[in-house]
Amino acid sequence: MKRAVLAAIFALAGCSEKPAAQADGTKIENAFRGAMQDRSSKSPPEALFVEKCAMCHRQMGMGTVILARRMDPKIAMLEARTDLTADLITAAARQGIGNMPRISRGEVSDAQLSEISNYLTKGSAK
Ligand code: HEC
């Protein structure tokens, strides 16, 4: 059954070389039925997000899994959100939030954080 669904997804996606990222970021399956995280990026800000945040905030990351407990799993990945603001992102990163440890300026500079923030808010950061 799962195979049939995957086959349908591939057919719909025009059979791209990569499995389409599934909407629910808490689980993902590749063609070899192994777990994996999509670490790809198409722009420098996205690459920065992948380097600094994605291990926790893409597929199966601790952040994704924990956020899925208090919101729809479909928007548990930060990149799927449309309601993020620069203020929330800055506060989460600099003070930590719940199970997320604070991230120092040595690890992610203010300039890098604002780049990531712009990426996550699709440039509409207030
Ligand atoms: C070590 C893992 C880890 C890393 C690295 C990490 N986070 Fe998180 N993040 C979490 C966890 C876990 C939560 C959920 C906190 C909770 O509710 O307990 C979270 C929550 C958040 C939230 C709050 C979302 C909400 O709606 O409440 C934001 C925003 C956020 N992270 C942004 C970032 C950004 C930006 C980065 C990279 C600069 C980052 N995080 C790196 C683990 C991480």
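**Fold, core and ligand shell of the predicted model**

The protein contains six helices and zero strands, assigned as DSSP runs (H or I of at least four residues for helices, E of at least two for strands) and numbered from the N terminus. The model is predicted: local features require pLDDT of at least 70 and side-chain atom pairs count only at pLDDT 80 or more, whereas totals for chains, interfaces and linings use all residues. Residue numbers start from 1 along each chain as its sequence is written. Along the sequence, the pattern reads α-α-α-α-α-α.

Burial was assigned from C-beta atoms placed from the backbone: a residue with 20 or more other C-beta atoms within 10 Å of its own is buried, one with 12 or fewer is exposed, and one in between is partly exposed. By this criterion, 17% of the 126 residues of the protein are buried. Contacts were defined as pairs of residues whose C-beta atoms, placed from the backbone, lie within 7 Å. Of the contacts between residues at least 6 apart in sequence, 53% join residues at least 24 apart.

In soluble globular proteins, nonpolar side chains tend to be buried together. A nonpolar core is here a set of buried Ala, Val, Leu, Ile, Met, Phe, Trp, Tyr and Cys residues joined through C-beta atoms within 7 Å. The largest such core comprises 13 residues, and Phe49, Cys53, Ile116, Tyr119 and Leu120 have the most contacts inside it. Helix 5 and helix 6 (110–120) each contribute at least two residues to this core; helix 6 gives the most, with four residues.

Helix 6 also packs against helix 2 (residues 44–52), the two axes coming within 9 Å and crossing at roughly 110°. Axes are lines fitted to C-alpha atoms, for helices over the stretch in contact, with angles from 0 to 180 degrees between N-to-C directions. Because angles of 65 to 115 degrees count as roughly perpendicular (under 35 roughly parallel, over 145 roughly antiparallel, the rest oblique), helix 2 and helix 6 are roughly perpendicular to each other. Helix 2 makes this contact through Pro45, Glu46, Leu48, Phe49 and Lys52, and helix 6 through Gln112, Glu115, Ile116, Asn118 and Tyr119. The contact has five nonpolar, two polar and three charged residues, where Ala, Val, Leu, Ile, Met, Phe, Trp, Tyr, Cys and Pro count as nonpolar, Asp, Glu, Lys and Arg as charged, and the others, Gly among them, as polar.

Around the ligand there are 23 residues, of which Cys53, Cys56, Gly63, Gly98 and Met100 come nearest; a residue is near a molecule or strand if its C-beta atom, placed from the backbone, lies within 6 Å of it. The shell consists of 18 nonpolar, four polar and one charged residue. Helix 3 (54–57), helix 4 (62–70) and helix 5 each supply at least two of the shell residues.

Three individual positions were examined. Met60, in the loop between helix 3 and helix 4, has a phi near 65°, a positive value in a residue other than glycine. Met60 is partly exposed, with 16 other C-beta atoms within 10 Å. Arg39, in the loop between helix 1 (2–12) and helix 2, is exposed, with 12 other C-beta atoms within 10 Å. Arg39 touches Val50 and Ala54, residues up to four places away in sequence not being counted. The C-alpha atoms of Arg39 and Val50 are separated by 6.2 Å, although the two residues are eleven apart along the chain. Asp87, within helix 5 (residues 86–95), is exposed, with 11 other C-beta atoms within 10 Å.

Definitions and conventions:
Two residues are in contact if their C-beta atoms, placed from the backbone, lie within 7 Å.
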